[in-house]
Amino acid sequence: MTGRHGGAPSALSRLYAEIAKFGAVGLLGIVVNLVAFNLLRWTTDLQTVRAGVAATAVAIVGNYIGFRYFTYRDRETVSSKRREMALFAFFSAVGLLIENGVLYGATYGLGLHDALWSNSFKFGGIGVATLFRFWSYRTWVFKSAPEAAAVPAHGFDTAAFVESVDQTLTLRAVSPPSRPPRPVSRRAS
């Protein structure tokens with residue numbers, strides 16, 4: 001996707017691309033999360049919420065790899081990798097609490113223990129936590145570096161030139177031509 005004159009993509013198209021990539025990694029994470037959740041529930045003696053927490057932890061590891069090397073690969077690391085990973089772990093833990101808090105409320109607050117209800121509330125918790133994760137990851141973890149004025153190697157910014165010509169032509173087409181100033185008459189005193 002390119003901007004109006006074939007230049008850089010617009011901010012909105014970049015956001016759509018980011019959402020699509022985040023969604024692709026997220027969908028894979030949801031599949032991993034739900035498969036791990038159900039495997040842990042039916043093959044171990046883990047309680048529902050503990051199985052949910054373990055499944056979320058497995059998905060978080062996979063999601064970090066997907067986000068770092070697919071969704072946000074174009075973003076230079078503003079901070080160190082250690083700081084990025086610590087922030088990712090922190091915001092993922094908050095997301096884990098949101099996600100499994102919904103499951104906990106359904107399981108122990110509402111007494112809904114069967115597989116259909118557990119999976120429904122697990123999926124609902126993932127949805128709520130995903131909104132938080134998208135905001136926090138793009139705002140705090142994978143921040144884009146401050147944008148510098150991009151000037152091509154040849155030293156001439158064609159897109160900016162075309163934009164300024166377009167604005168000039170638009171102004172001339174809309175504005176009536178101005179009259180030259182009248183000469184000031186000099187009177188003899």
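Setting aside residues up to four places away in sequence, Val49 touches Asn100, Leu103, Tyr104, Thr107 and Tyr108. This is a contact list from a predicted model. Val49 has its place in helix H2, and with a relative accessibility of 13% the residue counts as buried, because buried means under 20% relative accessible area. Its C-alpha atom is separated by 9.2 Å from that of Lys122, a residue 73 places away along the chain.

The protein chain as a whole contains 5 helices and 0 strands, and its pattern along the sequence reads α-α-α-α-α. Of its 189 residues, 28% are buried. The accessible surface comes to about 12900 Å², and 66% of that area belongs to carbon and sulfur atoms. Among contacts between residues at least 6 apart in sequence, 72% join residues at least 24 apart.

Two packed helices are described by the angle between their axes and the distance between the axes.

| Helix pair | Angle between axes | Distance between axes |
|---|---|---|
| H1 and H2 | about 150 degrees | 8 Å |
| H3 and H4 | roughly 155 degrees | within 8 Å |
| H2 and H4 | about 35 degrees | 12 Å |

The angle of about 150 degrees between H1 and H2 makes H1 roughly antiparallel to H2. The crossing of these two helices is right-handed. By class, the contact of H1 with H2 has 14 nonpolar, 8 polar and 3 charged residues.

Helix H3 spans residues 81-109 and helix H4 residues 115-141, and their axes cross at roughly 155 degrees. H3 is therefore roughly antiparallel to H4. Their crossing is right-handed, and the residues of the contact divide into 17 nonpolar, 6 polar and 4 charged.

Helix H2, residues 48-71, packs with H4 at an angle of about 35 degrees, and this crossing is also right-handed. On the H2 side, the residues that meet H4 are Thr48, Gly52, Thr56 and Phe67; on the H4 side, they are Ser118, Lys122, Arg133 and Tyr137. The contact of H2 with H4 comprises 2 nonpolar, 4 polar and 2 charged residues.

Which residues of H4 are buried? They are Ser118, Lys122, Gly125, Ile126, Ala129, Phe132, Arg133, Phe134, Ser136, Tyr137 and Val141. The cover over these buried residues includes helix H1 (11-43), H2 and H3.

Asn33 lies in helix H1. Its relative accessible area is 3%, so the residue is buried, the cut-off being under 20%. Leaving aside neighbours within four places in sequence, Asn33 is in contact with Gly52, Ala55, Thr56, Ala59, Glu99, Lys122 and Ile126.

Technical notes: Residues numbered from 1 in each chain as written. Predicted model: local features only at pLDDT ≥ 70, side-chain atom pairs only at ≥ 80, totals over all residues. Heavy atoms only, no water. Axes fitted to C-alpha atoms, helices over the stretch in contact; angles between N-to-C directions. Helix = DSSP H or I, 4+ residues; strand = E, 2+ residues; numbered from the N terminus. Parallel < 35°, antiparallel > 145°, perpendicular 65-115°, else oblique. Left-handed = near helix turned anticlockwise from the far one by under 90°. Nonpolar A, V, L, I, M, F, W, Y, C, P; charged D, E, K, R; others polar. Contact = heavy atoms within 4.5 Å. Buried < 20%, exposed > 50% of the residue type's maximum accessible area, 1.4 Å probe, protein only. Areas by Shrake-Rupley, 256 points an atom, 1.4 Å probe, with all protein chains shown as cover.
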